[in-house]
Amino acid sequence: DVSHPVEAKQIITSNTTNPVKKKLPNIKILATGGTIAGTGSTSTQTTGYQAGVLTPDQLIEAVPGLKDVANISTEQVANIDSGTSNTDALMVKLAKEVHKALDDPECDGVVITHGTDTMEETAYFLNLTVHSDKPIVLVGAMRPSTSLSADGPLNLYNAVILAGSKEARDKGVMISMNGKIGSASYTFKTNTTDVDAFDNPELGSLGYIQGGKPYFYNVPTKKHTTESDFDIRKITEDNLHRVDIVYSHADDDRVMVDAAVAAGAKGIIHAGTGNGSINEKTLPGLQDAVKKGVVVVRDTRVPEGMVTHEQTDEDNHFVNSGNINPQKARILLMLVLTKTEDPNKIQEYFNEY
Ligand SMILES: NC(=O)C[C@H](N)C(=O)O
């Protein structure tokens, strides 16, 4: 067009640099701290560094290309080391923030940056209380941001891609670490320091993220998010009762159980040996706890396999945990106790989640 040479040039330029302009997903990053936001004093310091230092904007700046895959908005919900400072109150606050973010019709998914130490607990809490089929992804790092080969930037890039993908819808809350997509129902921390620190060795992952694309191979079969009986809009931190975990060992006795009851626990998760075995010296403590109205869940300290139902559970009014580990069982029991104290009904929840 001779009469509009400048306009014509602009159209051609924009078409060449951006041939097919794709609509980018809108992703909200809720930052809570952890090693992904941590800093050390040298590039070789990979332990003893400070977690929860960087702001969300600093996290994003470290990821080249992130702005090309999503429109990002951020919010700092906390900036803590999740191993030393995570609380049930913070999980409640975070779940309400996630719900608020996803209620916005413009928001396509949420990424939560989180310390890895208690990531599986926060993930499971969100999985059971946030009602949305939009992707909710937790991500962290095993090396601080200042470290050689820091894993945070690529983990964050993958998490944003996952949260913005259609395939990730209605998969429940996910943990995205080291190129793997884990379900909050199954995944737990399996290594203290390796970058490959999250897995469920027996049940596996939902899939992988490779070359900026998610690939799903499994779906979670346990109840989560949209079909959950628990709803963060109806839960406050004051609704949650104290639930303690008591870890068993050879020559165990009832001292720790009695301590939990004395501390006011409404529930005890017994991390027993093997298939949820209880030491004969501990058993009377747990039976007395039940008589005082405490709910006892028979779980295991063994990372794989499930704790199966036994006739003695009915006689003792104990609940068997199924496949979830003690730290996830604590979250589930806290939520279930907002609904019922009847061990038979509680057993049904433990069978479903
Ligand atoms: N890798 C990590 O994020 C560990 C850290 N202590 C945390 O959970 O906050």
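Two residues are in contact if their C-beta atoms, placed from the backbone, lie within 7 Å. Keep in mind that this is a predicted model, in which local features need pLDDT of at least 70, side-chain atom pairs count only at pLDDT 80 or more, and totals for chains, interfaces and linings use all residues. Residues are numbered from 1 along each chain as its sequence is written.

Select helix 8 (residues 255–262) together with helix 9 (residues 283–291), whose axes come within 8 Å and cross at roughly 20 degrees; this makes helix 8 roughly parallel to helix 9, a term for angles under 35 degrees. Helices here are DSSP runs (H or I, at least four residues), numbered from the N terminus, while axes are lines fitted to C-alpha atoms over the stretch in contact, with angles from 0 to 180 degrees between N-to-C directions. Now show the side chains of Val257, Asp258 and Val261 in helix 8, which meet Gly285, Leu286 and Ala289 in helix 9.

Next, select helix 6 (residues 119–129) and helix 11 (residues 326–336), where the axes come within 9 Å and cross at roughly 35 degrees. From helix 6, Glu120, Glu121, Tyr124, Phe125 and Leu128 meet Gln327, Lys328, Ile331, Leu332 and Leu335 of helix 11.

Finally, select the ligand, and display the residues that surround it, among them Gly34, Thr35, Asp81, Asp117 and Met142, where a residue counts as near if its C-beta atom, placed from the backbone, lies within 6 Å. The shell around the ligand divides into two nonpolar, seven polar and two charged residues, with Ala, Val, Leu, Ile, Met, Phe, Trp, Tyr, Cys and Pro counted as nonpolar, Asp, Glu, Lys and Arg as charged, and the others, Gly among them, as polar.

Terms used:
Helix = DSSP H or I, 4+ residues; strand = E, 2+ residues; numbered from the N terminus. Parallel < 35°, antiparallel > 145°, perpendicular 65-115°, else oblique.
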